[in-house]
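Q: Can you walk me through this one? I'm new to it.
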Amino acid sequence: MLAANVTREGAMARGNSDSGFEHADLGEMTPEQYAQWLEENESDDAWGEPVAADISPNLSSVVSVRFNKGELALVNAAADKAGLKLSTFIRQLVIDNVSSPDAETQLFVRTLMQDREAIEAAAETLTSVVRHLRAVPSQDVGSGTTPGEHRAA
């Protein structure tokens with residue numbers, strides 16, 4: 001929403017008397033209305049000529065990780081003990097764990113555990129269904145008897 005507001009404010013600063021909207025109108029638009037306004041009033045040449053960019057082959061990405069206070073305190077303490085910045089410490093731990101020969105085994109074991117849990121849940125459901133079916137009186141299909149009635153042999 002912030003990016004839309006910044007863009008909207010930029011459009012408001014530029015103004016567009018041809019659009020029929022005043023500056024205040026642009027500020028009061030919903031995001032959908034503003035997108036429609038941009039589509040109708042902005043053109044590709046409004047951005048100017050494209051500029052060539054130098055792109056490093058070593059692009060990096062930022063990944064957010066959430067810790068609760070207790071977890072963060074433990075990780076901070078371990079990073080301090082190792083003499084590393086928090087981000088460097090976390091990055092090294094992750095890289096070391098996913099690139100170790102045991103990482104694939106750990107992933108396999110984790111997957112097996114999840115599969116086992118799913119099988120156990122399915123078995124519990126099946127057991128419940130069987131119990132329910134056993135509680136229902138059996139009847140001969142097409143015999144004309146009602147539940148609980150038995151035909152004499």
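Q: What is the secondary structure of the protein?
A: This is a predicted model. The protein has six helices and zero strands. Read from the N terminus, the order is α-α-α-α-α-α.

Q: What share of the residues is buried?
A: Buried residues account for 8% of the 153 in the protein.

Q: And how much accessible surface does the protein have?
A: About 13,400 Å². Carbon and sulfur atoms hold 56% of that surface.

Q: What about contacts between residues at least 24 apart?
A: Take the contacts between residues at least 6 apart in sequence: 17% of them join residues at least 24 apart.

Q: Switching topic. What is the mean pLDDT of the protein?
A: The mean is 75. A pLDDT of 70 or more is reached by 67% of the residues.

Q: Where is confidence lowest, and where is it highest?
A: Helix 1, residues 2-14, is lowest, with a mean of 45. Helix 4 is highest, at 93.

Q: Which residues stay under 50?
A: Residues 1-17 do. The model still has 21 contacts beyond four places in sequence for that stretch. Where pLDDT is low, predicted coordinates should not be read in detail.

Q: OK, on to helix 4 and helix 5. At what angle do they pack?
A: Helix 4 covers residues 69-82 and helix 5 covers residues 86-99. They pack at about 95°, and their axes are 9 Å apart.

Q: So is helix 4 roughly parallel or roughly perpendicular to helix 5?
A: Roughly perpendicular, because angles from 65 to 115 degrees count that way.

Q: Which residues meet there?
A: From helix 4, they are L72, V75, N76, A78, A79 and A82. From helix 5, they are L86, F89 and I90.

Q: How do the residues of that contact divide into nonpolar, polar and charged?
A: Eight are nonpolar, one is polar and none is charged.

Q: Let's zoom in on A79. Is it buried or exposed?
A: A79 lies in helix 4. It is buried, because its relative accessibility is 1% and the cut-off for buried is under 20%.

Q: What is A79 in contact with, leaving aside neighbours within four places?
A: L84, K85, L86 and F89. Among these, L86 and F89 are also listed for helix 5 in the helix contact.

Q: And how far is A79 from I90?
A: Their C-alpha atoms are separated by 8.0 Å. Along the chain, A79 and I90 are 11 residues apart.

Terms used
Residues numbered from 1 in each chain as written. Predicted model: local features only at pLDDT ≥ 70, side-chain atom pairs only at ≥ 80, totals over all residues. Heavy atoms only, no water. Helix = DSSP H or I, 4+ residues; strand = E, 2+ residues; numbered from the N terminus. Buried < 20%, exposed > 50% of the residue type's maximum accessible area, 1.4 Å probe, protein only. Contact = heavy atoms within 4.5 Å. Areas by Shrake-Rupley, 256 points an atom, 1.4 Å probe, with all protein chains shown as cover. Axes fitted to C-alpha atoms, helices over the stretch in contact; angles between N-to-C directions. Parallel < 35°, antiparallel > 145°, perpendicular 65-115°, else oblique. Nonpolar A, V, L, I, M, F, W, Y, C, P; charged D, E, K, R; others polar. pLDDT = per-residue confidence, 0-100.
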